[in-house]
Amino acid sequence: MAFLNKTLAIVWKDVVAELRTREMLSSMLVFSLLVTVIFSFSFDLRVENIAQVAPGVLWVTFAFASTLELNRALALEMENDCLDGLILAPMDRSVIYFGKMLGNLIFISAIEALMLPIFSVVFDLNLLQPSLLLVVFLGTIGFAAVGTLLSAMAVNTRAREVMLPVLLFPIILPVVISAAKVTGGILDGVPLSELARWVQFLVAFDVIFLVVSYMTFDFVVQG
Amino acid sequence: MIQIEGLVKSFGHTFALHEINLDVAEGQFLAIVGPNGAGKTTLLRILATLLRPTSGHVNIDGLDLVSHSGEIRRRIGFVSHQSLTYGRLTVEENLRFYGRLYDVAELEERVDSLLRVVGLDARRQDPARTLSRGMQQRLSIARAIVHQPSLLLLDEPYTGLDQQAAEMLRTLLQTVNAESRTVVMTTHNLQRALELCDTVAILSSGRVVHETESEPLSADRLREIYWAYVGNGMTREHAETWHS
């Protein structure tokens with residue numbers, strides 16, 4: 001119970017701090033809009049069937065937008081050495097990981113919730129299907145699980161803004177590929193049961209990286 | 001309260017602390033003075049469990065620092081160079097947040113009383129980033145004692161404070177120490193060290209080169225001792241000869 005209470009305290013702190021300025025949410029939203037519009041215009045010129053490239057565009061947009069949030073999540077804790085304040089608290093350090101991870105999940109999901117209807121209009125596709133929302137959620141957990149761990153690693157490096165994408169993208173590539181595959185399948189009307197292998201892969205990726213992060217976060221932040 | 005035996009800390013081939021031995025009794029106020037790079041912050045960060053010793057033993061309240069770090073964290077409050085507070089959260093939100101991390105019972109009452117003690121009651125709804133340096137330092141102390149620790153560690157708490165803020169901080173630290181808390185403070189300011197502490201330890205090049213009770217000392221005498229040990233490149237043997 002204490003574990004959950006402290007995890008939620010960190011989530012609450014991040015949400016309150018973000019809602020005070022909305023700096024990151026607005027940056028992510030503008031960035032996502034720009035990427036979507038740029039892809040839309042560039043594909044309009046050459047691509048015959050835009051629905052074929054839409055899943056890739058969707059997941060590349062989400063991956064790039066997530067990097068903005070993940071880069072900032074731990075960097076926020078470096079202001080006034082607040083990470084020391086968290087480490088000093090008498091709690092398992094995985095509380096910090098899960099608190100930050102859930103915060104990232106909320107912010108990335110919020111942007112995705114805003115972007116999906118916009119994306120549907122721009123690409124003239126129905127993306128608001130329950131099965132597709134499930135895939136988006138699973139992919140987002142993957143981004144947040146890996147990204148939170150890697151941002152904790154990158155935060156103490158001098159070139160942390162560059163370091164996180166360099167570390168993150170090779171690892172989340174399987175998530176992007178499988179999520180784009182399932183998204184494409186759903187948009188083509190393929191039953192979810194036929195795409196189960198890819199969905200299972202997403203679930204397995206999420207579980208593995210949540211467990212790995214839980215087991216290693218202590219070593220990542222220790223002095 | 002604190003027993004340090006043969007504490008060594010190195011970063012690669014660089015030794016920050018060499019064979020430190022110190023005992024701090026319960027309720028004692030120890031000031032650690034020394035020049036930049038003497039190892040004061042490293043020593044305090046080890047006591048705060050933020051750094052692991054390379055070798056040696058540290059016990060706090062009879063608990064080994066390395067194997068019981070979780071239990072020790074409940075018993076310590078740490079005031080760093082930085083405030084460890086979130087600029088976007090208000091003063092009271094910061095205290096409430098840390099109170100939740102420390103499972104503080106009756107948190108609202110505790111936050112109210114702390115804000116009165118540190119004189120920030122009128123600024124409780126203001127974002128922490130809008131506070132002056134002196135106020136941020138008072139908030140930092142409130143954060144450090146929100147869980148009523150028995151040991152308070154202060155790393156250069158007077159840095160960047162003007163005279164008025166420094167005076168308020170001195171009064172606050174006396175109040176904190178009067179509540180029978182053990183306090184360990186690092187400082188460059190010998191005058192401040194004498195005003196507040198029972199014992200002064202001089203740290204130079206990672207070694208405790210001198211330890212003395214503050215009571216019979218004048219500021220001038222402490223300054224002489226300090227410069228004898230750390231100043232002008234004097235060796236310890238020269239300094240001890242001079243001191244005797």
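In this predicted model, strands E1 (residues 2-11) and E2 (residues 14-24) of chain B make a hairpin with 2 residues between them. One turn residue, B:Gly12, has a positive phi of about 65 degrees. The two strands run antiparallel and are held to each other by 7 bridges (strands pair if DSSP finds at least two bridges between them; strands are DSSP runs E of at least two residues, helices are runs H or I of at least four, and both are numbered from the N terminus). B:Ser10 has B:Phe15 of E2(B) as its bridge partner.

Further along chain B, helices H3 (residues 91-101) and H4 (residues 107-117) pack at about 130 degrees, with axes 10 Å apart (axes are lines fitted to C-alpha atoms over the stretch in contact, and angles run from 0 to 180 degrees between N-to-C directions). That angle makes H3(B) oblique to H4(B) (under 35 degrees is roughly parallel, over 145 roughly antiparallel, 65 to 115 roughly perpendicular, and the rest oblique). On the H3(B) side, the contact takes in B:Val91, B:Leu95 and B:Gly99, among others, while B:Leu107, B:Val111 and B:Leu114 are among those in H4(B) (contact means heavy atoms within 4.5 Å).

As for confidence, chain A averages a pLDDT of 90, and 98% of its residues score at least 70 (pLDDT is the predictor's confidence in each residue, from 0 to 100).

Residues are numbered from 1 along each chain as its sequence is written, and chains are lettered from A and ligands numbered from 1 in the order written. Local features need pLDDT of at least 70 and side-chain atom pairs 80 or more, while totals for chains, interfaces and linings use all residues; side-chain values use heavy atoms, leaving out hydrogens and water.
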